[in-house]
Structures are given as C-alpha cells and as structure tokens.
Amino acid sequence: MPQPRKIVITSALPYANGPIHLGHLVEYIQTDIWSRFQKMRGNECYYVCADDAHGTPIMLRAQAEGITPETLIARISEEHQQDFARFNIAFDQYHSTHSTENHYFATTIYERLKAKNHISRKTITQFYDPEKSMFLPDRFIKGTCPKCKATDQYGDNCEACGATYSPTDLIDPKSVVSGATPIEKETEHLFFELAHFEDELKTWTHKGHLQTQIANKLDEWFESGLRAWDISRDAPYFGFEIPGEKDKFFYVWLDAPIGYMASFKALCDRKGMDFDQYWGKDADTELYHFIGKDIIYFHALFWPAMLSGADFKTPNAIFSHGFLTVDGQKMSKSRGTFIMAKTYLDHLNPEYLRYYFAAKLNGRIDDIDLNLEDFAQRVNSDLIGKVVNIASRCAGFVVKKFDGKLCETWSPLALALYQSFIDKSEDIAGLYEKREYAQAMREIMGLADKANEYIDDTAPWVLAKDPEQQEALHESVSLGINLFRVLITYLAPVLPTTSAKSADFLQLSSLQWHDIEQPLVGHTITKFKPLMTRIEPESLTKMMDASKTDIAAQAPKEGNQNNEAEDLDPISDEIEFDDFAKIDLRIAKIVNAESVPKANKLIKLTLDIGLGERQVFAGIKSAYDPSELIGKHTVMVANLKPRKMRFGLSEGMVLAAGPGGKDLFLLNPDDGATPGMRVK
RNA sequence: GCCUCCUUAGCUCAGUUGGUUAGAGCACCCGACUCAUAAUCGGUAGGUCCUGUGUUCAAGUCACAGAGGAGGCACCA
C-alpha cells in the first residue's frame, strides 16, 4: 500500500454576519465528502475552517444590535457550528479569525513581508463618510468601474470585467453605509506589492494548481496589470491593529485566509502536531482550498503571493465551485427560495442533500441547481429504492434462516460478482479524488442495479421454500449483504449517518475503503432496521413555506448585510429638520408614461405638478407597464438638480420602495391630494 | 444596443482530439415477481442534439448568423 498522504484542506470561512444557507452548504458538503474520502483511504487528512469575524459589516451590525463585536461573533460562531454539525460537516478544527493564533500569523506574515520590502506606504486620498465619521472600506463604496464602466461595483475589484483598482478610481462613488456621497480625505495606507510576485504567479497559475477555466480568467487579470493591494484600514475598525502603526488595522481580507493557518495551528496545539511540517516553506504535505468562484482573486493571487513572500508553503491547488440555484432560480429572499440550513434541517434529513449535491457536483465551476422534484425522486429511488433496499431484502433471510450468520464459502460465480464490485474501487476512488462526485454516484448506482439484478436472478424467496436449496439461499443473501457493504462503503463519504447505521447493522467497527477487499464470511450481522426513509413531498412544501417566514423573522435582526439586495437598509443617521425641509416633495399626476425603447429599465414620465410639467426618467420598467401609470398620482422630488441622461433630461425623481425587479412600489397619496401640493 | 455564459429524451445529466444506427438514471407505459421502506426485475416507447448557413469525406462536437434563457453593462438623479 502507498504511503499515507498528509493533507490539509479548508473551506472558505463563512462571514460572521449571517446564517448558513444552502448555498454555503454546496461548498462544505463538497469539502467534507473529500475529507471523509481521504480519511477512509487511510490518508492523514485535516479539515479546518473558521468564522471570518473581522471587518466593518460586523462592527456596524454589532453597533446596530447594541452589543460588542466579540459578543456578536461568539453568537454567530455558535449558530454556524450547530448548523454544520447537524449537516455532519466534520471539521477537525473550527476556529475564528479573531483569535490569538490568527493575530500571530497575521503579524508574522506582515512583518516578514515588510522585512523583504514587499510592503509600501502611500498617502492616499480615500473616501470618507462625513456622516459616519469614518473612512469607507472598499466594499462600502460602490460606483462605476473605471475600466469597463460597469456601474454599482465595489471599490476593490470589478465583478463585471475583473479589473482591480483602488476605490478612488471609481466614477460616481457612494457610501453604502449612509448613502451619502463620500468626501475625499488623505490618509496613509500600507500596501502589499503584488507586482513583485508577478512572474512567480504567472508560472504558478499554470502549473496545475487551478482549474483551466480559472487559469484563463487570471490571464485576463494579468493583462490589466497587478496593482499593489491596500491592506490597512483606519480606525474605527474591528480587526487586528497593525504592529508599529497607530490606529491602523489589517484589512479583513488580509487576515481571513490566514485564518486557515490559525485554525490549523490550533489543531496542532491540541494534537501535538508540528505546524511547520505542513506550512513550512518546503513542506511536502498537501494543502488544498475549496472556495466559491467569487473569491478566486484573493485565493489565486494575493494568497499564494503572501505565503510565498512570508516563506510559507503555497497551496497545492485551489478548487473552485459554482453557485447554487433553487428550481432554476438564483436564491432569493423575496422569491422565498433562500433556504437557510436551519430551515432545511427542520424538515429534511441532511443526508438527502449531501447525496443530491454529490449527484450533481463535478470538478468544474458550473453552477448547480436544486430542483426540488428531481431531488425527491432522485434520492428516493437511488438511495432508498436501490441501495438501502438491498440490505433490507436480504437481511430477513440471513437473520431468520441462518441466525444472522453469513455463509463461509462462496461459489466461483459469487466470487466473480463480488470481485467485479471490488474492481471498480480504484475507478470510483479516482472520481472522488478528482471531485467528479456526480460520475462516482452514477458508477455506484450502476453497481446497485447489478446487486438487485443478482438477487432477482437467484430469487432467494424461491430458494427459501426448497429444503434442498438452503446452501444456495445462504450464498445468495450473504452475497447480497456483502454487495451492500461494498456500496455503503463507497457511499460513506457522502452519507456519514447512514453508513454508520449500516456499520452497526453489519456489526463492523468501521468502514474503511480497503476493508472491502476482504468479503465478510462467516460473519454475524444484526436485525435490519430501516436505514433511511424516503422524502415525503409534503416536507418539501413545508420547508419552502417555512423559508418564507424564517426569512421574514430573520430580516429585522439582520440589519445591514452587504451584498444582499433584498435586505433592509439600516436607518440612516439622524438629520435636522432643516435638512428634511430642503427636500421639496410634491404631489404629481402622471399625465403621460412611455417606455424608453433603448433602455430596459427606464420609463419616461411626464408629471403634472400644478406649476407646470416635468419630465422624469424612472427606473421602474421591470415593475410597471407605462399604460397602467397614466392618470395615477404619486410623489416626486421637485427640487432635485436636473440630470442629463442618455435619453434626455430628467428633472427630478419619483418615490418608490422595494428591492427592485418586480418588487417595486410607487408611492401613492390618499384620495384628495392634487398635483402641486407640497408633501411635508 | 453591447459583453459573457447557457440550450442534448418529460426531468437531471453523460457525450472523450469532429468518425458507425446519439447514451444513462429517474418519470411514463406494458409485463413479471412478492424477499424488500408500493421497493425490485424484464421490456416498449420517447430526441429536427434550439434554428439556419457554412467548413469537411464526415458536425451534437468547428465557424458564422439568428432565436430562446441566465447574468452583467449602457441608462434606474
């Protein structure tokens, strides 16, 4: 047998600002399956993770809840770990980026990089929120990408074209915290000189550490050039203070991936392992990061550069996966397709989802869809109908007729069939290794079909009636049980609970991959108890209904969660009456409305406000048909500075609420209000 | 209008560097069986591989154009 490999694997750290949902679970399940698979194969494998606990969103949310950030992250960590545990995600260590280990590695890496002149300092003009009296983090400014002119992009990199830049390069920036237009203010920041690593990274990204799709994407990023990465943030900030600086903190994205190391260090301390053997510069152990396709930039560029620059081992590979859709649609709170881990667990067995994801995952970065009808059918027929059924249909005979004991000798035919199952072992292992789980599941189910065919061919229920055939019967059902054991072993990485129950039933202390090379002969099993029950369609409807209410319950508590358009905005800062009085709101009658043909969001409104007519372009096409608007009364901001748009001059704005899309609701005054009346 | 990505059986997906009559599972229908969680086994049926044009001896696979879908952008002051 080959030497056991020494492997460290990670999943991306969930942000300590919201609940775990089914989208997260794609990654944790994918990683956990891989981890369990490696362990079953006899490799030394450590799966570590942590909460990503720093940054402005956490700070602001804690403020909003009137608690300290430490209290907040402790609570969220608890919630996250509960969800993970119930989904059987078996971390060897679950830690936090707000930990002494992480502080140590963050400062160590920083100091090493600094010593090698990879850290520079520049006084930059950064955006500052005058209402909140704070510098705005990259992700709290949105604006237009200077390269491709994509709007609504974050301050650090453009999701549309992949360009990187600094927030001041943004066109038309806005504070996400207060909505105010930020002012520019000078401050000194520290930078990690990514460009020093350009050659190294160009080589690294094409050495098989990344999926090809990703490596190609990175080439585009190389073309637009690597810029220094701003790694410091000014107070107030929830994070680690930078050594040798005053009121400067490490940017959350600097210490987040370092959290992988911190978590592993905590594991080493607990287990008496040598950290350097795994993370030292020349470590020959293996290191893999499972991540979503959205955070490739950090993991494929910054992270290897940081590690290399600080004399640590770089990852052997980064495994990216796609996003989850539910019934073909993006997970969305307003559509009710946003399913939290907790909600799922209230209604369904986690093994179902683990299997379904496994049945769909491959080694590429394609999105996967949770189709609820397919989900129920697939799980029921594959797992219950095929696999579990094999044990169920043989066990009765073994227990009743042979006192639970499997036969001692096998015919050549039986041996050959068993061997044909074992012959697949390395193929299936290879598929797991390549993260081609979908294909692995197909192979395993093909074998399950063969097992059922065998039972049918030998017809134990017929043999049972013939006293002459007891030996044949014994072999048939014993082989059936043995085949089941092989199948459940192959499935064990995916189905930890069911396989554990199966081990009980088979009276085996564990299910290791290579154990199946020896069939169970003369071995005694126990009475069969159902290992898994089928999915009731009603539980799916219940779960979907509950998702809608659970989200509603979550929403007020959530406060501002960046990145989620459906979330409620936080209440803005207090203003003086005078500030309010500046806004001249008027009742307006929509006298004409026409859609702007070349724009897919705009409707051109002609508004009567008593004192004349105004032309306003409103981005409400997704929710309203122009014809239904004509004649309606609404409210407009009458003294807003007119704005030249591509399609004409917009002389104000109409008031509407809602997250967007179809959920957009125009304000409508009560009967009696007439055009021109001031709203106050 | 522009950019990116999709489109193979009712559903979920395979289809290797272009190479015979395009595959699987599930669902459906028919039959068998009754050991098994109405599970299982056999069989039938089901596809203009989105459309069109082209390259080629040969196209699901390549190129171009178009349609439909998803996402992004121009605009939503």
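This is a predicted model: local features need pLDDT of at least 70, side-chain atom pairs count only at pLDDT 80 or more; totals for chains, interfaces and linings use all residues.
Local features need pLDDT of at least 70, side-chain atom pairs count only at pLDDT 80 or more, and totals for chains, interfaces and linings use all residues. Side-chain values use heavy atoms, without hydrogens and water, and residues are numbered from 1 along each chain as its sequence is written.

**Aromatic pairs**

The whole structure holds 39 aromatic pairs. Rings of Phe, Tyr and Trp (its six-membered ring) pair if their centres lie within 6.5 Å; planes under 30 degrees apart count as stacked, over 60 as edge-to-face and the rest as tilted. Two of these pairs are tabulated here.

| Pair | Centre to centre | Angle between planes | Class |
|---|---|---|---|
| Phe-192 and Phe-197 | 5.4 Å | 45 degrees | tilted |
| Tyr-288 and Phe-319 | 5.3 Å | 10 degrees | stacked |

The Tyr-288 and Phe-319 pair links distant parts of the chain, 31 residues apart. Tyr-288 sits in strand S13 (residues 286-292), and Phe-319 in strand S14 (residues 317-321). Strands (E, at least two residues) and helices (H or I, at least four) are DSSP runs, numbered from the N terminus.

Tyr-288 and Phe-319 are both buried. So are Phe-192 and Phe-197. Buried means under 20% relative accessible area, exposed over 50%, and partly exposed in between (1.4 Å probe, protein chains only).

One aromatic cluster includes Tyr-46, Tyr-104, Phe-105, Phe-275 and Trp-303.

**Charges over rings**

Arg-435 lies over the face of Phe-319, 3.7 Å from the ring centre. Lys-122 does likewise over Phe-191, at 4.5 Å. The criterion is NZ of Lys or CZ of Arg within 6 Å of the ring centre and within 35 degrees of the ring normal.

**Lys-265**

Lys-265 belongs to helix H7 (residues 252-271). Why does Lys-265 count as partly exposed? Because its relative accessible area is 23%. Leaving aside neighbours within four places in sequence, Lys-265 is in contact (heavy atoms within 4.5 Å) with Glu-101, Phe-105 and Phe-275. Phe-105 and Phe-275 belong to the aromatic cluster. The C-alpha atoms of Lys-265 and Ser-320 are separated by 24 Å. These two residues are 55 residues apart along the chain.

**An open sheet**

The order S5-S4-S9-S10 describes an open sheet of 4 strands with antiparallel pairing. Strands pair if DSSP finds at least two bridges between them. Strand S5 (134-135) and strand S10 (229-230) are the edges, each pairing on one side only. Strand S9 (residues 183-192) joins S10 through 2 bridges. Phe-191 stands opposite Asp-230 in S10.

Conventions: Chains are lettered from A and ligands numbered from 1 in the order in which they are written.
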